[in-house]
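Hello,

Here is the structure I promised to pass on.

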Amino acid sequence: MSRRLISTGSPFEKTAGYSRAVIDGEFAFVAGTTGYDYTSMTMPADVTSQSRNCFKTIEAALKEGGFEMADIVRVTYYLTDIGDADAHFAVCGEVLGDIRPAATLVGVSALYKPEMKVEIEATAKRRSA
């Protein structure tokens, strides 16, 4: 299987030189996933909604690449306010509670735009049929 690039259609992907996801063989690497709602191009103010939007974007990218959420083996969370961790983890539990990938939470001083409260990276490995 060849390398394949997945885009959300954001013009920033071309400007910044990145892909939402890269499919390489049995692996999918999804990054740069923030809380934007790409249908309305809006950013909700709360971390709960932003986290849900991140996972929607991740799921769409994985699906386009032929993967499922259950294929996720690792996630990294970046939060600008560690005080938001419990609200963020509640969403993680809803989405990944049965999948339980390896995970890391990192508190950061800022993300690219000040309204961004969370960014998520995910790695998936296609399960054998």
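Contact, as I use the word here, means heavy atoms within 4.5 Å. Helices (H or I, at least four residues) and strands (E, at least two) are DSSP runs, numbered from the N terminus. Before the findings, two notes on the source. This is a predicted model, so to speak of local features I need pLDDT of at least 70, side-chain atom pairs count only at pLDDT 80 or more, and totals for chains, interfaces and linings use all residues. Residues are numbered from 1 along each chain as its sequence is written, and side-chain values use heavy atoms, with hydrogens and water left out.

Let me start with helix α2. With 18 residues, α2 reaches 26 Å from its first C-alpha to its last, close to the 26 Å expected at 1.5 Å a residue; the expected span is 1.5 Å times one less than the number of residues.

Which residues does Gln50 touch, not counting residues up to four places away in sequence? They are Gly35, Met43, Pro44, Ala45, Glu115, Met116, Lys117 and Val118. Gln50 belongs to α2, which spans residues 47-64, and Gln50 counts as buried because its relative accessibility is 0%.

Glu64 is also in α2, but its relative accessible area of 43% makes it partly exposed. Leaving out residues up to four places away in sequence, Glu64 touches Arg4, Ile6 and Ser7. Just after α2, Gly66 takes a positive phi of about 90°.

Now to the strands. Thr34, in β3, is buried at a relative accessible area of 5%. Apart from neighbours within four places in sequence, Thr34 is in contact with Met43, Asn53, Cys54, Met116, Val118 and Glu119.

Thr76 sits in β4 and is buried as well, with a relative accessible area of 12%. Its contacts, leaving aside neighbours within four places in sequence, are Thr104, Val106, Glu119, Ile120 and Glu121. The C-alpha atoms of Thr76 and Thr57 are 15 Å apart, for 19 residues along the chain.

β4 pairs with strand β5 (residues 102-107) in the parallel sense over six bridges; strands pair if DSSP finds at least two bridges between them. From β4 the chain crosses through α3 to β5, and this β-α-β crossover is right-handed. That term applies if, with the strands pointing away from the viewer, the path from the first strand over the helix to the second runs clockwise. Leu79 has Gly107 in β5 as its bridge partner.

On to the rings. There are three aromatic pairs in the structure. Rings of Phe, Tyr and Trp (its six-membered ring) pair if their centres lie within 6.5 Å; planes under 30 degrees apart count as stacked, over 60 as edge-to-face and the rest as tilted. One of the pairs is Phe27 with Phe29, stacked at 6.0 Å centre to centre with 20° between the planes. Tyr36 and Tyr38 form a tilted pair, because their planes stand at 45°, with the centres 6.2 Å apart. Tyr36 is buried at 17%, whereas Tyr38 is partly exposed at 24%.

Two charges sit over rings (NZ of Lys or CZ of Arg within 6 Å of the ring centre and within 35 degrees of the ring normal). Lys125 lies over the face of Phe27, 6.0 Å from the ring centre, and the charged end of Arg126 is over the ring of Phe67, 4.0 Å from its centre.

Finally, the backbone. Most residues other than glycine have a negative phi. Met41, in the loop between β3 and α2, has a positive phi of about 55° although it is not a glycine.

Best wishes

Technical notes. Buried < 20%, exposed > 50% of the residue type's maximum accessible area, 1.4 Å probe, protein only.
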